[in-house]
Amino acid sequence: DHKLHGTGLSLRCDDIENLEPNTTYQLRVIYNNNQDVVSKALSVTTEAAQQIGNSGFEDFSAETHKFSIKGATTSQSSRAFNQPWASGETDKWWAVNSKKTLLEQVSSGNLDYKVFPTVTYSVDCAAGLKSVVIMSVQVNLDADSGNEGDVPVKAVGELFIGASDSHGEHQKEGHTFTSRPSAMSFKYKYTPVNNETFKVRIELRDKDGNMIAAQEETSRGAAGSWTECKMNLDYLDITAKASS
């Protein structure tokens with residue numbers, strides 16, 4: 001909100017559409033189309049546009065997961081899995097929950113069903129060279145140890161902005177983000193099992209952690225070709241600054 005000098009009018013900047021980002025505008029108010037009754041000029045600069053890091057999912061780094069295989073004897077093995085950031089990256093945006101299905105101890109047999117990540121990448125993509133792949137993976141877990149057991153558990157793959165711990169749980173959520181976009185869009189393919197759907201949620205928060213905008217898609221179904229989804233954001237408080 002800005003109050004224009006010489007008038008009793010308060011102007012909300014969301015009343016003005018089609019402004020360019022990171023641009024300074026001079027605004028004046030004319031009363032009743034009378035050119036002689038006009039406010040002083042008010043200078044308003046729009047926020048710079050900001051893109052989410054690694055938004056095209058072009059950057060991945062390979063990491064090694066070590067585990068033991070129990071049979072007649074116990075042997076050691078390892079499997080490579082991918083993390084959604086460049087090798088050596090210090091400012092990481094995305095995290096995955098792959099550690100939930102990368103068990104540390106399994107019995108011999110088909111390891112692809114026992115030690116398998118929930119998130120990786122594919123060269124099948126809408127643009128660029130890569131896309132991210134999110135999967136649901138079923139493993140047999142022991143309720144106490146978290147390693148292989150008798151309880152079938154389907155781990156739903158997660159890709160989120162933040163950081164995960166060594167067990168694939170959310171360690172923190174969010175990343176510094178000072179812009180307030182009007183929407184987020186992405187393209188996807190989806191191969192569900194039976195009536196499964198996938199879920200996407202966006203939240204923007206201020207420096208105190210208060211949510212200032214949110215949107216959620218909970219029922220996206222099968223899509224055999226690249227399909228665009230655009231999620232518009234409505235702000236609960238347009239005077240609040242975004243922080244994450």
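**Aromatic pairs and a hairpin**

At 9% relative accessibility, Tyr188 counts as buried, because the cut-off for buried is under 20%. Keep in mind that this is a predicted model.

Now its partner. Phe186 is partly exposed, at 21% relative accessible area.

On to the rings. A pair of aromatic rings is described by the distance of the centres and the angle of the planes. Searching the whole structure turns up six aromatic pairs. Take Trp93 and Phe177. Their ring centres are 6.2 Å apart and their planes stand at 90°, so this pair is edge-to-face. Where do the two residues lie? Trp93 is in the loop between E6 and strand E7 (94-96), and Phe177 is in the loop between E14 and strand E15 (183-190), so the pair ties together parts 84 residues apart in sequence. Both Trp93 and Phe177 are buried.

Back to Phe186 and Tyr188. Here the centres are 6.0 Å apart and the planes are at 50°, so the pair is tilted. Ring pairs also bring in Tyr190 and Phe198, linking them with Phe186 and Tyr188 into a cluster.

One more ring. The charged end of Lys130 sits over the ring of Tyr121, 4.6 Å from the ring's centre.

Next, the hairpin. Strands E13 (residues 159-164) and E14 (residues 170-173) run antiparallel, joined by three bridges. Ala163 stands opposite Lys172 in E14. Five residues sit between the strands, and Gly168 takes a positive phi near 85° in this hairpin.

Last stop, Thr74. It belongs to strand E6 (residues 74-83). Beyond its neighbours within four places in sequence, Thr74 contacts Ser68 and Ile69. Ser39 is 35 residues from Thr74 in sequence, and 82 Å from it in space, C-alpha to C-alpha.

Notes:
Residues are numbered from 1 along each chain as its sequence is written. This is a predicted model: local features need pLDDT of at least 70, side-chain atom pairs count only at pLDDT 80 or more; totals for chains, interfaces and linings use all residues. Side-chain values use heavy atoms; hydrogens and water are left out. Helices (H or I, at least four residues) and strands (E, at least two) are DSSP runs, numbered from the N terminus. Contact means heavy atoms within 4.5 Å. Two strands pair if DSSP finds at least two bridges between them. Rings of Phe, Tyr and Trp (its six-membered ring) pair if their centres lie within 6.5 Å; planes under 30 degrees apart count as stacked, over 60 as edge-to-face and the rest as tilted. Buried means under 20% relative accessible area, exposed over 50%, partly exposed in between (1.4 Å probe, protein chains only). A charge sits over a ring if NZ of Lys or CZ of Arg is within 6 Å of the ring centre and within 35 degrees of the ring normal.
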